[in-house]
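Here are my notes on the model you sent. Please read them with the structure open.

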Amino acid sequence: MPVKSAARPNAAKVVTERASAMAAVRRSEQRFRALTALASEWFWETDAALCFTAIKGPPGMFEDLQSKLLGKPVSHVLAHRNFRFEGANIEQCVAQRRPFRRQPMQVERDTHGRRAYYEVSAEPMFEGETFV
């Protein structure tokens, strides 16, 4: 005759708790996506060679810019004539994998001299001592 153990979890309860936890994670991810869609910030990532691997921004804004920059080194943007940076030496910060905050950037948007002004920040990510 089998002996019931108080330590053995009820399988139905475990499955139900896991399903509830997964639903909560999905709701949290949906809220996060909704909030980031409202933000005007752009997020970018690079590989160890400082080439763009991901560029994310508000939907419908500058998708052509994203496709033009993916795979290109950050130095391509820093040296491009349409981008002007003020303040800290961003190129040096990027090369040394140092963070920088709210650095003014001016972008010449077209041949008619229209410009846009942004603030650029960066936070390098490391796993241990390795830049990721």
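1. Confidence by element. This is a predicted model. Among the elements of the protein, helix 2 (residues 63-69) has the lowest mean pLDDT, at 76. Helix 4 (residues 90-95) has the highest, at 86.

2. Confidence overall. Mean pLDDT for the protein is 79. A value of 70 or more is reached by 82% of its residues. Where pLDDT is low, the coordinates should not be read in detail.

3. Three strands make an open sheet, ordered 3-4-5, with antiparallel pairing. Strand 3 (83-85) and strand 5 (115-122) are at the edges, and each has a single partner strand, so one side of each lacks a neighbour in the sheet. From one strand to the next, the twist averages 30°.

4. Strand 3 pairs with strand 4 (residues 100-108) in the antiparallel sense, over three bridges. R84 stands opposite Q106 in strand 4.

5. The largest pocket. This pocket holds about 1500 Å³ of space. It is lined by 48 residues. Which of them are closest to its centre? They are W42, W44, F52, I55 and V120.

6. Where the lining comes from. Strands 1 (43-46), 2 (52-56), 3, 4 and 5 each supply at least two residues of the lining of the largest pocket.

7. The lining of the largest pocket divides into 29 nonpolar, seven polar and twelve charged residues.

Conventions. Residues are numbered from 1 along each chain as its sequence is written. This is a predicted model: local features need pLDDT of at least 70, side-chain atom pairs count only at pLDDT 80 or more; totals for chains, interfaces and linings use all residues. Side-chain values use heavy atoms; hydrogens and water are left out. pLDDT is the predictor's confidence in each residue, from 0 to 100. Helices (H or I, at least four residues) and strands (E, at least two) are DSSP runs, numbered from the N terminus. Two strands pair if DSSP finds at least two bridges between them. Axes are lines fitted to C-alpha atoms, for helices over the stretch in contact, and angles run from 0 to 180 degrees between N-to-C directions. On a 1 Å grid over the protein atoms alone, a cavity is a set of points where a 1.4 Å probe fits but cannot get out, and a pocket is an open set with protein on both sides within 12 Å along at least five of seven lines; lining residues have an atom within 4 Å of a point. Grid points are joined across faces, edges and corners, and a volume is the space filled by probe spheres set on the points. Ala, Val, Leu, Ile, Met, Phe, Trp, Tyr, Cys and Pro count as nonpolar, Asp, Glu, Lys and Arg as charged, and the others, Gly among them, as polar.
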